[in-house]
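Hi,

Here is the structure I promised to pass on. Have a look at it first, and then read on for what turned up.

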Amino acid sequence: MSRLTSANHLKKVMSRYYTGLRIPSPGKRIAWVTSGAPIEILRAMNIQVAYPENYAALCAARRQSQRLMEIAESSGLSEDLCSYARCHIGSVLSPQAAPWKGLPRPDVLICCNNICSTVTLWYEYLAEILEVPLFFLDTPRVDGSPAPHQVAYVKRQLEDLVCFLEARFRRRLDEQTLAATLKTSVKTARLWAEIRNTAKKRPSPIEAPDLFIAMAPIVVLRGTRAALDYYRLLHEELLLRIENGVGVGRDERVRLVWDNIAIWHALFRVNQMFATHGGVFVADTYTGGWTFELKEGDPLESMAHAYLSVFLNKGFADRLADLEKSLSEYSAEGLVMHANRSCKPYSLIQPELARQISKRMGLPVLLLECDMADPRAYAEEQLRLRIEAFMEQVGGIL
Amino acid sequence: MPVQHAEERALVWQEPGWDRDGNMPSAAVFCGEILPEMIMALGYMPKRVFPSVSYPDLSPVTLPPFSCAAAKSHVSMLLRGELDDVELFVFSDTCDTMIALHSIFQSRGKKTIRLASPRSFSTNASRHYLLSEIQRITTTSEMRFSEDSFQRAAALYARLRQLLSALAELRDRMPQDVFFKINRYAWSVHPEAACAVLQDLVNELSTSPRRQAFRVLLLGSCVLGPGLFQLLDRLKLVVAGDNMCDAQRMNPGWPVAHLSDVAALTCERPPCPCKHGGGASACLDRLLAAHDPDGVIIHTQKFCDPHSWDLSRVKQRLARLGVRYLHLETSGEVSEQHRLRLESFCELLDAERRY
Ligand code: SF4
Ligand code: SF4
């Protein structure tokens, strides 16, 4: 796999972000937020945001999640719960055992359930053990486009969120700052979409593991210059690769799409099992979750619309349509679904999606049972055998 | 004798009965959050689908192994063709599993309704939203809703709720598995038929003596079959109260008269653990005060996230209050290991009572 030179810049951006979080400064306020939370409001009010999900993914990528999950389990949490939640709660219960001694203590918790029901319960648990106020932003599930009463409901809650933050931190939300932050967010999200689109070229200049790593700023630094600058750099590098016909650094025999969150603790090992047989993941469904648009008009109403339309908050037909679109637009020859024990909203409908994809598109689908952050659910030999059989089917093994 | 009569009726119900009820086509309701009055007013006979221990388990074709037993049961029923006579499938957005079940039924070509309910009932905005969502269902579906038919359905279910509440007060005078069966029966047949059986039973039990037994609270995920209750009967444990979505949580006892009451009742029932501020932990103190139990049994289904989250908080609270509890996790059926643990729990309660 040929390394992207912009990766060095990414490293700097992320380490600056994590270091910045811990540097104390007068008046500094920290919110822990879910990955689908409307952070533009917080940024515009100069509230720092920290992401327990991203932190857990980092712990898993550094192979430090298991110990933390065991700590959470020994405190009474079931081993079947989301491994991000277990890993992060382990770091809260025992910061000494956690990388960077965990995330810095929050002043507030902001939970938006547009990704799953787990976060609702996870954040309530955090609010209780940390004794920190929690704001819960409820985004009902949508089919297709959000209905007007759904948009009105979420908009009303966004107004409440502003009041909650203003009262708590005694600072006002400046509308112009919010508008500027939203503008940067949208620009960044569009650029991110273009970056993902470069993989439609043959050979693809980027593959899913790169995207999984490169997605961190669109999640945690959305709405900032730092994220925008990094994505400009990455985009330029990819355009250059396309111009020079450079791919991911090896034979691209089979183009594949990945569904679900990465297996962080074995990201490159699993990728290698496909790469050995000429497989390249040209697209994935997870990193596409942060490509959003804002409608013109009232900013809170546009945000309500956008945050309701997050892909995990949409129905089966939308998920199926998105998958079909990715498979055809990226000229994929097969679909690999990570049946992720941790993530029920993502995984429970995968067998049914797989059935529909095979029926409607005639494409082979592989379901791999594993877990994004819990290495105890990883059985390498079993995975290898299943991957080899699949690669034979899609023509990777000649 | 009413208890025996009720048992017989409950057994009859256990045979799948999804055919038309008079002129009304059947609607399978998967979640207690949906009030049946609404569905009846749309012209369907609402029957609650309860998960059960049944074979063969066909779910692996359609669900990953890490799904809860309730989901596996529902999907197996679908794939075995047991729901072929059902014309409408009704879901609510509670847990992620329920949302996935809706997707699966939809993908299999079934006609569905999904209540995109709020995940919080605690604000005015959420109550207002819930009412709009209920109105959306009654006005935008191809079904015909009328306020008149709603009133008629509401009157029927008001009586059913009243009788079920009365029966719940008497549950320590009957075998535990009969309460389990009759409760399921009541939500699965026409309310008039259910009320006739319930009225007999309430009359009879009102004059029966209480059973001498340890009184426990039963909290957590729904139970798939009567096995746990039969075990409780053998061990002389009586459920004084519960917080389960296939039993008392569904039935707070008060009636609804207008469509707007549906939203109010939904919001005021003990909240489901999938909801913000929900679960047994939210109303534990009230349950303890109301029933003064000797101990608490918490049942969770393997892979049931909402109840697992709730569990850790319930356990902590009970430990703080010094209330004895036992946690049982099942994948549908109670096993020998569960029996042994329940026996030890009884011995513990017994020892505490004596010394
Ligand atoms: S359950 Fe899934 S969507 Fe929810 S926090 Fe865990 S990984 Fe994220
Ligand atoms: S609440 Fe629990 S047992 Fe019930 S459907 Fe959801 S996951 Fe399954």
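To start with a cysteine: is C112(A) buried or exposed? C112(A) is buried, at a relative accessible area of 0% (buried is under 20% relative accessible area, exposed is over 50%, and partly exposed is in between, with a 1.4 Å probe and protein chains only).

Some housekeeping before the rest. This is a predicted model, where local features need pLDDT of at least 70 and side-chain atom pairs count only at pLDDT 80 or more, while totals for chains, interfaces and linings use all residues. Residues are numbered from 1 along each chain as its sequence is written, chains are lettered from A and ligands numbered from 1 in the order in which they are written, and side-chain values use heavy atoms, with hydrogens and water left out.

**Cysteines**

Searching the whole structure gives zero disulfides over all chains (a disulfide being a pair of cysteine sulfur atoms within 2.5 Å). For C112(A), the closest cysteine sulfur belongs to C111(A) and is 7.1 Å away, so it is too far for a bond. C272(B) is in no disulfide either, with the sulfur of C274(B) as its nearest at 3.2 Å. C272(B) counts as buried, at 14% relative accessibility.

**Ligand 1**

The residues around ligand 1 include C82(A), Y84(A), C116(A), W122(A), I261(A), C343(A) and M372(A) (a residue is near a molecule or strand if one of its heavy atoms lies within 4 Å of it). Which helix gives the largest share of this shell? That is α6 (residues 118-130) of chain A, with three residues. Helices (H or I, at least four residues) and strands (E, at least two) are DSSP runs, numbered from the N terminus. By class, the shell has nine nonpolar, two polar and no charged residues. Here Ala, Val, Leu, Ile, Met, Phe, Trp, Tyr, Cys and Pro count as nonpolar, Asp, Glu, Lys and Arg as charged, and the others, Gly among them, as polar.

**Two sheets in chain B**

One open sheet has four strands in the order β6-β5-β7-β8 (chain B), with parallel pairing (two strands pair if DSSP finds at least two bridges between them). Its edge strands, β6 (237-242) and β8 (325-330) of chain B, each pair on one side only. On average, neighbouring strands here are turned by 30 degrees against each other, direction ignored. Axes are lines fitted to C-alpha atoms, for helices over the stretch in contact, and angles run from 0 to 180 degrees between N-to-C directions.

Strand β7 (residues 295-301) of chain B pairs with β8(B) in the parallel sense over six bridges, and H299(B) has L328(B) as its bridge partner in β8(B). Two helices pack on this sheet. Helix α11 (residues 280-291) of chain B touches β5 (214-220), β6 and β7 of chain B, at about 165 degrees to the direction of β5(B). Helix α12 (residues 305-321) of chain B touches β5, β7 and β8 of chain B, and its direction makes about 165 degrees with that of β7(B). Contact means heavy atoms within 4.5 Å.

The other open sheet of four strands runs in the order β2-β1-β3-β4 (chain B), again with parallel pairing. Its edges are β2 (45-48) and β4 (112-115) of chain B, each pairing on one side only, and the twist averages 25 degrees from one strand to the next. Strand β1 (residues 26-29) of chain B and strand β3 (residues 88-92) of chain B pair over three bridges, with A27(B) opposite L88(B). Helix α4 (residues 96-107) of chain B lies across β3 and β4 of chain B, at about 155 degrees to β3(B).

R202(A) and P203(A) are joined by a cis peptide bond, with omega about -5 degrees. P203(A) lies in the loop between α8 (175-197) and α9 (208-214) of chain A.

Two non-glycine residues have positive phi. R170(A) has phi near 50 degrees and is exposed, with a relative accessible area of 76%. N260(A) has phi near 100 degrees, but counts as buried at 0% relative accessibility.

Cheers
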